[in-house]
Amino acid sequence: MPLIRILKCLTFKIVMPFRKLNLPQSALDAAEEQDFDLKGYVFEASPEQLRPPRTVRVGLIQNKIVLPTDAPVLEQITALHKRVGEMVEVAAMCGVNIVCFQEAWTMPFAFCTREREPWTEFAESAEDGLTTHFCIQLAKKYNMVVVSPILERDEIHGGTLWNTAVVVSNNGNVLGTSRKNHIPRVGDFNESTYYMEGNTGHPVFQTQFGKIAVNICYGRHHPLNWLMYSLHGAEIIFNPSATVGLLSEPMWPIEARNAAIANHCFTCAINRVGTEYFRNEFTSGDGKKAHHDFGHFYGSSYVAAPDGSRSPGLSRTRDGLLVTEMDLNLNRQVADKWNFKMTGRYEMYAEELKKAIQHDFKPNIVKE
Ligand SMILES: NC(=O)NCCC(=O)O
């Protein structure tokens, strides 16, 4: 093949159907001053005759913890509120309508230690806790929907802990909560020590800017979990996460992107950054020596679109705000082309799944 053709093929393959978003200089200056990355991209849809564009700006925030893990609990929470609050202010300067923070954003990801104290003290009421009040203030001040994934303490049910995303509307009302459906039992992610599988199902929140859902971290490995949010009508599914390089980095660019394609929706994957040091050593049940940290949280937060395109990822090491402008009309345009919802054989799967979970299930294996 002549060189010029090879180059053309390569160029075609790497062209991405998004473009850079022009961000205000004041926001770029503020981000630089506050030492975090600020990136912006646009996902466009084709013009339609009957529907105007449904443009929404989404902000994803990834960050390190601010104070050491053995600082007093309230100081750690307050320092994170301050840091993330500053980043939300920059998001507001960029016209963000919906912002989502990383999983358990008010605390170190301490579940690896399997110790209760002081980590359970970070748990707060989803409706009335310090962090939810903080998010309500942000939402009202900036007319922004805030998705706030926290460690929840559910006082009504005996102080039970949950891993929960609180969704605050742009009017400052708690629209509802979405609890993590799948709890990891992998590597140092010993979260089953702290909370059980969520009981809120697959809620979709109708916001002023579109229908959104939250598939928390490990739920991204479960295609049916994404599907259920989508069947309930989610147009954007957030995936606030905490995950480390040695465990999941090869899967990270694929899973949320594949979910966007498979479900004709936008997906937003967010991961924290940094290495968190714990004073007490812990083992990982792998025969290796006890250690003080979990490994490196690799950030790389990104947005994926239903047509298979995606934004570049944020940094692997630095705090960052990713601002994405998306036209939600793209969801239906791609659905009308590929028809996954129409061609999905859900009745067949539902019937077979019902059988597969029975004790006396006989796999359909055809033998000679
Ligand atoms: N936070 C969390 O669920 N992590 C599990 C590891 C992973 O899914 O990559």
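In the predicted model, an oxygen atom of the ligand lies 2.5 Å from an N or O atom in the side chain of Thr 243. Arg 220 contributes a side-chain N or O atom 2.9 Å from an oxygen of the ligand. Polar contacts are pairs of N or O atoms within 3.5 Å; within protein, one atom must be able to donate a hydrogen and the other to accept it, and residues adjacent in sequence count only if both atoms are side-chain atoms. Taken alone, the ligand exposes 280 Å², of which the protein buries 99%. Accessible areas were computed by the Shrake-Rupley method with a 1.4 Å probe; for residues, only the protein chains shown count as cover.

The model is predicted: local features require pLDDT of at least 70, side-chain atom pairs count only at pLDDT 80 or more, and totals for chains, interfaces and linings use all residues. Residues are numbered from 1 along each chain as its sequence is written, and side-chain values use heavy atoms, with hydrogens and water left out.

The ligand is surrounded by 14 residues. The closest are Glu 103, Lys 180, Cys 217, His 221 and Thr 243. A residue is near a molecule if one of its heavy atoms lies within 4 Å of it. By class, the shell comprises 7 nonpolar, 3 polar and 4 charged residues. Ala, Val, Leu, Ile, Met, Phe, Trp, Tyr, Cys and Pro count as nonpolar, Asp, Glu, Lys and Arg as charged, and the others, Gly among them, as polar.

A pocket is an open set of points where a 1.4 Å probe fits, with protein on both sides within 12 Å along at least five of seven lines; lining residues have an atom within 4 Å of a point. Grid points are joined across faces, edges and corners, and a volume is the space filled by probe spheres set on the points.

The largest pocket has a volume of about 350 Å³. Its lining has 15 residues, with Asp 188, Leu 246, Ser 284, Asp 286 and Phe 294 closest to the centre. Helix H6 (245–248) and strand E15 (291–298) each supply at least two lining residues. E15 gives the largest share, 4 residues. Helices (H or I, at least four residues) and strands (E, at least two) are DSSP runs, numbered from the N terminus. The lining divides into 5 nonpolar, 6 polar and 4 charged residues.

The second largest pocket holds about 250 Å³. Of its 14 lining residues, Pro 223, Leu 227, Asn 258, Ala 262 and Asn 263 are closest to its centre. The largest share, 5 residues, comes from H7.

Technical notes. 1 Å grid on protein atoms, 1.4 Å probe; cavity = no way out; pocket = protein on both sides within 12 Å on 5 of 7 lines; lining within 4 Å.
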